[in-house]
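Biologist: Could you walk me through reading helix packing and a nonpolar core in a model like this one?
Modeller: Gladly; let us look at it together.

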Amino acid sequence: MTDTTIAAGAASIRVPTRLAYGFATLGTGSFLVVPQLFLLFFMTEHLNIPAVWASFTLLLPKMWEFLTDPYIGLRSDRSRGPWGRRHPFMLAGAILLSLGIALVFNVPQFENPQPRWLYVTAMFVLATTGYALFSVPYTALLGEMTADRHERTRLVALRMGFLGASLLIAAIGWPEVLKALGGTTAAYGVVGWSVGALCLAAMLVTVFGTRRIAL
């Protein structure tokens, strides 16, 4: 059985494809948690950005998603091409999210707090845009991979399993890494690149692992 027949409604999906579908959340979970854990403190204590400005930086991407999610969903539904409707958006999202979250914690040495704040805000919005580009078609892909509700349940269970592992890594692993590196500004930069690399690797596994399902 090929994954092309899966898209047409076959009841079973091969195990590697199931794993590939769920693998993305191993990275996206870190994106959802790490900024909540680190970004406010990083901005106020290491970049000397006022707390009110930093709080707005955390709020703005949530407001931005209200605009981007419906638009991305509409464009994804109407897209056509050899890669199908979903995968081009997912690939672009994987790249933008990973680069954005890495750059959020690697800030140029601007002299004043205001340009530092503008830079971090712009990079966080970039990362959030990447998350939307990936997550909206990724969610829609589940309903297109199979018509069998039991198979969908297995896919969701795998996705939640990887997400749970990701949340543990984000909540326990990354703080320990930051602590081991001394908690300095440079240490935040290393964590930023590491989180970005994890997100990119995990999301690319999903993009290319489900690539044969090009709807």
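Modeller: Start with helix H2 (residues 15–23) and H8, whose axes come within 7 Å and cross at roughly 140°. Helices here are DSSP runs (H or I, at least four residues), numbered from the N terminus. Axes are lines fitted to C-alpha atoms over the stretch in contact, with angles from 0 to 180 degrees between N-to-C directions. This is a predicted model, where local features need pLDDT of at least 70 and side-chain atom pairs count only at pLDDT 80 or more, while totals for chains, interfaces and linings use all residues. Residues are numbered from 1 along each chain as its sequence is written, and side-chain values use heavy atoms, leaving out hydrogens and water.

Biologist: How are H2 and H8 oriented to each other?
Modeller: Two packed helices are described by the angle between their axes and the distance between the axes. Angles under 35 degrees count as roughly parallel, over 145 as roughly antiparallel, 65 to 115 as roughly perpendicular and the rest as oblique. H2 and H8 are therefore oblique.

Biologist: Which residues make the contact?
Modeller: Contact means heavy atoms within 4.5 Å. From H2 come Thr17, Ala20, Tyr21 and Phe23, and from H8 come Ala202, Val205, Thr206 and Gly209.

Biologist: And how do H6 and H7 pack?
Modeller: Their axes are 9 Å apart, at an angle of about 150°. That makes H6 roughly antiparallel to H7. On the H6 side, Tyr138, Leu142, Gly143 and Met145 meet Arg152, Leu155, Val156 and Arg159 of H7. These contact residues divide into five nonpolar, one polar and two charged. Here Ala, Val, Leu, Ile, Met, Phe, Trp, Tyr, Cys and Pro count as nonpolar, Asp, Glu, Lys and Arg as charged, and the others, Gly among them, as polar.

Biologist: Which residues touch the most other members of the largest nonpolar core?
Modeller: In soluble globular proteins, nonpolar side chains tend to be buried together. A nonpolar core is a set of buried Ala, Val, Leu, Ile, Met, Phe, Trp, Tyr and Cys residues joined through side-chain atoms within 4.5 Å. Buried means under 20% relative accessible area, exposed over 50%, partly exposed in between (1.4 Å probe, protein chains only). Of the 45 residues in this core, Phe31, Phe38, Leu39, Met43, Phe105 and Val120 touch the most other members. H6 supplies the largest share, 12 residues. Beyond four places away in sequence, Phe38 touches Phe105, Trp174, Pro175, Leu178, Tyr188 and Val191.

Biologist: Is Pro115 buried, partly exposed or exposed?
Modeller: Pro115, in helix H6, is partly exposed, with a relative accessible area of 28%.

Key: Helices (H or I, at least four residues) and strands (E, at least two) are DSSP runs, numbered from the N terminus.
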